[in-house]
Amino acid sequence: MTASGSFFDELETRSADARQAALSNTLPAQIGLAREKSAAYAELLSDVAAQDVVDMEALSHLPVTRKSALIELQKDKPPFGGFPAVGPGAMAHIFASPGPIYEFETARHDFWGMARAFHAAGFRPGDVVHNSFAYHLTPGGWIFDGGARALGCAVIPAGIGNTEMQAETIAHLRPSGFGGTPDYLKVILDKAQEMGADCSSITRALVSGGALFPSLRQEYAERGVAVQQCYATADLGLISYESRTDDGALVEGMLVSESVLLEIVRPGTGDPVPEGEVGEVVVTTFNPDYPLVRFATGDLSAILPGASPCGRTNGRIKGWMGRADQTAKIKGMFVHPEQLDRVVKAHPELLRARIVVTREDESDVMSVLCESETRDENLAGAIADSVQSFCKLRGKIVLQAPGELPNDGKVIDDQRDFEGAG
């Protein structure tokens, strides 16, 4: 179907066989392009035979690049760490995000793949969109702007601030849609009500960059605005988005964009977790200008089982569920999730583990909770030695039955109360 129909394109309703057949061609081509055009991937994937990476299982063996490492990588090899497949002169815009991390876009049509999310949120060609994401230095405004225009919409580049003028502009230009953070639309609508400005033309909104709480979504609905969320980053573009059924019912979770491949891995590793288990979002993009391969976002989510009732056939995730970076300083030593993963891999009897940090008698206490079918003192002692070796700290080993640890994606659970600490 075209972008004016129920679905954005035929990719959204492919069968599982058609999806895998396409992947077996596009994935090795993208891996090959990354090796050829990106200096960073020429090094990272030097031992990889691109033609063999034809499915998700093969992809899972490739190295992970963490977004948290980009700051240092870009410092070592400015300006972008060697990851782009194009030079700075071929870029349309270059951005500076907090960190700092530097990103870019090219003139490629719908560079971030956002048109799909706008379409799923009810936007159509010819709509006017009021975009309140920032356009200054950071890419948020441009991400939404590019997606709306790629769909065929006109965009009011409102940016942030000057709420009274934004309300006046909406009342005069009568846009039908809004793009921005979940909270800011309420700020504008409340200001408009206070001013006596009519902003009722806005009947749909696509939001991102923060939590859309159910109570706020309901308030918007009562004010005549249907709001949907999407999940996107400046590096990867659109990752996932909300959808509705034909009768307008909101679908649980977020559909994965057709422009990316999404994995959920155990935090601190590149190892995929079973369906339903919370882990870190790792994404491979098909953008030929910025061919990121197994890029770890640092965000937590989980794969939802079953097909979406909206008719789209790609997988779904639960949405944003927190951050995966759980580094903790214990007794003056930094402990990272990667160190605990080394402990788990050193003992085949272990299924999962987590570190719990508490305070007793003004001292840090580290407990290591381990799921295992085996429960004996010899195993506990061996694990304790591994913890000492890999984490450089002694910890209390607690063996637990399989499934006893909470399914919340935590690898290091820091329960210390830092309120009032200097």
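1. How far apart do the C-alpha centres of domain 1 and domain 2 lie? They lie 35 Å apart. The model is a predicted one, in which local features need pLDDT of at least 70 and side-chain atom pairs count only at pLDDT 80 or more, while totals for chains, interfaces and linings use all residues. Residues are numbered from 1 along each chain as its sequence is written, and side-chain values use heavy atoms, with hydrogens and water left out.

2. Domain 1 covers 10-323 and domain 2 covers 328-414; such bounds come from an automatic or database domain assignment. Nine residues from domain 1 and nine residues from domain 2 make the contact, where contact means heavy atoms within 4.5 Å.

3. The size of an interface is often given as the accessible area lost when the parts come together. Between domain 1 and domain 2 the buried area is about 730 Å², and carbon and sulfur atoms give 53% of this. Buried area is the accessible area (1.4 Å probe) that two parts lose on being put together, summed over both. On the domain 1 side, P267, G268 and V278 supply 45% of the area buried against domain 2, more than any other three residues.

4. One salt bridge is found across the interface of domain 1 and domain 2. A salt bridge here is a side-chain nitrogen of Lys or Arg within 4 Å of a carboxyl oxygen of Asp or Glu. The side chains of D271 and K345 meet in a salt bridge, at 3.0 Å from N to O.

5. The structure holds 31 salt bridges. One of them joins R108 and D289, whose closest N and O atoms are 2.8 Å apart. This pair links distant parts of the chain, 181 residues apart: R108 is in the loop between β3 and α5, and D289 is in the loop between β12 (279-285) and β13 (295-301). Helices (H or I, at least four residues) and strands (E, at least two) are DSSP runs, numbered from the N terminus.

6. The axes of helix α7 (residues 163-173) and helix α8 (residues 184-195) come within 9 Å and cross at roughly 75 degrees. Axes are lines fitted to C-alpha atoms, for helices over the stretch in contact, and angles run from 0 to 180 degrees between N-to-C directions. The two helices α7 and α8 are therefore roughly perpendicular (65 to 115 degrees). Residues in the contact include T163, E164 and I170 of α7 and Y184, V187 and M195 of α8.

7. Most residues other than glycine have a negative phi, and most peptide bonds are trans. The peptide bond from P78 to P79 is cis, with omega near 5 degrees, and P79 sits in the loop between α4 (70-76) and β2 (93-97). D110 is not a glycine but has a positive phi of about 50 degrees; the place of D110 is in the loop between β3 (101-105) and α5 (115-120).

Note on methods. Angles under 35 degrees count as roughly parallel, over 145 as roughly antiparallel, 65 to 115 as roughly perpendicular and the rest as oblique.
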